[in-house]
Amino acid sequence: MLKFNRIKLLNCFFYLFSIIIIVNFFSNIFLFSFNFPFYDDYSVELDFINRFIKEPDYINKIKIFFEQVNEHRLLYNRIIVLINYLFWGELNFKVYTIFGNLSLLLIFYLVLSSTKKENTLIYYFLPIPFLLFNFRFHEIIFWPGASMANLHILVFMVLSFKFLY
């Protein structure tokens, strides 16, 4: 008869349950996201890449990166859009949606990595996958420009807390 360590069994349950939730979340994003710009994506991504390509002067190309859009400066989005365009020669908004939501995985990893430092039991964090990987904020999840901008801000916030602690 095999004896199971209760803590290891609960940790395995936590990881298995988390993987199921994460796979479900990203499979739904992959199935239901679209390769089509939405609302601000026209002015933020499409207009940016058109003006960047047509601009002959390098100084003005750098200025285009730092231009203000409403009350924002979307440097991070513009860098991702340019990298995508340089690699594939086109803008793929489905890639932006998936890339933006990958930040939730990074947040999940940062939260779990804090448990190793404190020697806390990992199964106490079972609500975290439910809170991170749900469709409550579906407007941001499926909006390519917003998912890149808003969800990565949360990553930078969690990283700042991690470095402060």
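Trainee: Where do Arg51 and Asp47 lie, and how many residues apart are they?

Mentor: Both are in helix α2, four residues apart, which is about one turn of the helix. Helices here are DSSP runs of H or I with at least four residues, numbered from the N terminus. An α-helix has 3.6 residues a turn, so residues three or four places apart point the same way. This is a predicted model, in which local features need pLDDT of at least 70 and side-chain atom pairs count only at pLDDT 80 or more, while totals for chains, interfaces and linings use all residues. Residues are numbered from 1 along each chain as its sequence is written, and side-chain values use heavy atoms, with hydrogens and water left out.

Trainee: What do the side chains of Arg51 and Asp47 form?

Mentor: They meet in a salt bridge, at 3.3 Å from N to O. The term requires a side-chain nitrogen of Lys or Arg within 4 Å of a carboxyl oxygen of Asp or Glu.

Trainee: How many salt bridges are there in the whole structure?

Mentor: Two are found. In the other pairing to consider, the side chains of Arg51 and Glu67 meet at 2.4 Å, N to O. That pair links distant parts of the chain, since Arg51 is in helix α2 and Glu67 is in the loop between α3 (58-65) and α4 (75-88), 16 residues apart.

Trainee: Why does Glu67 count as partly exposed?

Mentor: Because its relative accessibility is 29%; buried means under 20% relative accessible area, exposed over 50%, and partly exposed in between, with a 1.4 Å probe and protein chains only. Arg51, at 30%, is also partly exposed, and Asp47 is partly exposed at 34%.

Trainee: Changing topic, which residues have the most contacts inside the largest nonpolar core?

Mentor: They are Phe25, Leu104, Phe108, Leu132 and Phe133, in a core of 20 residues. Such a core is a set of buried Ala, Val, Leu, Ile, Met, Phe, Trp, Tyr and Cys residues joined through side-chain atoms within 4.5 Å. At least two residues come from each of α1, α5 (93-118), α6 (127-132) and α8 (144-164). The largest share, six residues, is supplied by α1.

Trainee: Which residues of α1 are buried?

Mentor: Phe14, Ser18, Ile21, Ile22, Phe25, Phe26, Asn28 and Ile29 are buried in α1.

Trainee: And what does Leu104 contact?

Mentor: Leaving aside neighbours within four places in sequence, Leu104 is in contact with Phe25, Leu132, Phe133, Phe137 and Leu151. Contact means heavy atoms within 4.5 Å. Apart from this core lies another, of twelve residues, among them Phe48, Ile64, Leu82 and Phe93.

Trainee: Is Leu110 buried or exposed?

Mentor: Leu110 counts as buried because its relative accessibility is 8%. The residue is in helix α5 and touches Val155, Val158, Leu159 and Lys162, not counting residues up to four places away in sequence.

Trainee: How far apart are Leu110 and Leu132?

Mentor: They are 22 residues apart in sequence and 12 Å apart in space, C-alpha to C-alpha.
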